[in-house]
Amino acid sequence: MAENKTETKIQMLTIKEAAALVSGLTEYKVRELCKSGQLPCFMAGKKYLINKEVLYKFFGSDMSVK
């Protein structure tokens with residue numbers, strides 16, 4: 001019996017990619033938000049990775065996507 005499953009693709013962004021998506025947001029600010037724990041993220045080695053959906057929710061309607 002086959003089940004119909006929808007798979008959600010999770011997209012992770014580096015600090016540089018996250019900053020490029022939001023108008024007026026710098027890499028420095030993204031890094032500071034990650035370090036302070038305000039922006040949920042995790043570290044893979046020495047890099048911070050941010051879930052794209054979480055980034056959208058964090059900035060909400062104030063987000064002006066490039």
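Of the 66 residues in the protein chain, 27% are buried, where buried means under 20% relative accessible area, exposed means over 50%, and partly exposed lies in between (1.4 Å probe, protein chains only). This is a predicted model, in which local features need pLDDT of at least 70 and side-chain atom pairs count only at pLDDT 80 or more, while totals for chains, interfaces and linings use all residues. Residues are numbered from 1 along each chain as its sequence is written, and side-chain values use heavy atoms, with hydrogens and water left out.

**Overall organisation**

- The protein chain contains three helices and three strands; these are DSSP runs numbered from the N terminus, with helices being H or I of at least four residues and strands being E of at least two.
- Read from the N terminus, the order of the elements is β-α-α-β-β-α.
- Among contacts with a separation of 6 or more, 53% join residues 24 or more positions apart; a contact means heavy atoms within 4.5 Å.
- The chain exposes about 5300 Å², of which carbon and sulfur atoms supply 51%; accessible areas come from the Shrake-Rupley method with a 1.4 Å probe, and for residues only the protein chains shown count as cover.

- The three strands form an open sheet in the order β1-β3-β2, with antiparallel pairing; two strands pair if DSSP finds at least two bridges between them.
- Strands β1 and β2 (42–44) are the edge strands, each pairing on one side only.
- Between β1 and β3 (residues 47–51), the antiparallel pairing runs over two bridges, and Leu-13 has Ile-50 of β3 as its bridge partner.
- Helix α3 (residues 52–59) packs on the sheet and touches β1 and β3, its direction making about 70° with that of β3; axes are lines fitted to C-alpha atoms, for helices over the stretch in contact, and angles run from 0 to 180 degrees between N-to-C directions.

**The segment before β1**

- Gln-11 lies in the segment before β1 (12–13) and is partly exposed, with a relative accessible area of 40%.
- Leaving aside neighbours within four places in sequence, Gln-11 contacts Ile-50, Asn-51 and Lys-52.
- Gln-11 and Lys-52 are 41 residues apart along the chain, yet their C-alpha atoms are separated by 5.7 Å.

**Helix α2**

- Val-30, Leu-33 and Cys-34 are buried in helix α2 (residues 27–36).
- These residues lie on the same side of α2 because they cover an arc of only 100° around the axis, the arc being that of the directions from the helix axis to the C-beta atoms.
- The buried residues of α2 pack against α1 (15–21), β3 and α3, whereas the face turned away from the buried side carries the exposed residues Tyr-28 and Lys-35.
- Gly-37 follows α2 and has a positive phi, near 90°.
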